[in-house]
Amino acid sequence: MDEEPTTAVIQRYLDALPGDQAADPIIRDLLDRAVGRLRLLCATFLHRSYPRLMQPPLNLETDELLGGVVAGLLTALRTTRPPTVRRFFALANQHIRWQLSALARRLDEQPAAAALAESGVAASPSSSDSCLSPDGRRMLAAIEALPEDEREVFDLVRIQGLTHAEAAGVVGVSEKTVQRRLNRARLLLAEQLADLRPAPSGGTPEATGDTPAP
């Protein structure tokens, strides 16, 4: 017999959450059932957006990030009740970004603190996403600037790793609509990031009519 889809199980737990502290056992069961998807999300964000955190001195691993995210969600879900799987994973994404941004800030403050101690000259404040290249920041900004429907589907399929069928179930639309929105998102990203695609030999992207694939 096929295992029940993760999204369906998570929705059942969300529906069962009471509005008081008696929810703790259900919250723990919910996070236990969702841990596979959460681990995939953590790995995706870490490898694609914050690869520097995996290098010395932090040497951050996916499971370490996952532990912090699960702990944060355990606390958040005691007061927040996401009504749908869609909202639950939006909350999870937010906590992953918070964890990674905090770690990036801490890493960037280390050399600044050392310089301050040695020279007495205050260092410039570091950006929370300074571990990203300018092109990386442009890509993230382009994704954030997508229309809401396209951004949601792009996030579910390309970042969270859901299949088209799973994304359709989360959003409440047909698979054809998911495909259409995903194609639209890719087209918009290609237009916004056209200059980032390496030019083929013998011409520029403008000359050949090529645009970058997201």
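User: Let's start with Thr-44: which helix is the place of Thr-44?

Analyst: A quick note before that: this is a predicted model, where local features need pLDDT of at least 70, side-chain atom pairs count only at pLDDT 80 or more, and totals for chains, interfaces and linings use all residues. Residues are numbered from 1 along each chain as its sequence is written, and side-chain values use heavy atoms, with hydrogens and water left out. Helices are DSSP runs of H or I with at least four residues, numbered from the N terminus. Thr-44 sits in residues 24-49, which is helix α2.

User: Is Thr-44 buried or exposed?

Analyst: Buried means under 20% relative accessible area, exposed over 50%, and partly exposed in between, using a 1.4 Å probe and protein chains only. Thr-44 has a relative accessible area of 12%, so Thr-44 is buried.

User: Which residues is Thr-44 in contact with, leaving aside neighbours within four places in sequence?

Analyst: Contact means heavy atoms within 4.5 Å. With those neighbours left aside, the partners of Thr-44 are Ser-49 and Ile-159.

User: What does Val-70 count as, at 23% relative accessibility?

Analyst: Val-70 belongs to helix α3, residues 62-76. Its relative accessibility is 23%, so Val-70 counts as partly exposed.

User: Which residues does Val-70 touch, not counting those up to four places away in sequence?

Analyst: His-95 is 25 residues from Val-70 along the chain, and their C-alpha atoms are separated by 8.8 Å. Not counting residues up to four places away, Val-70 touches Leu-31 and Leu-38.

Methods
Helices (H or I, at least four residues) and strands (E, at least two) are DSSP runs, numbered from the N terminus.
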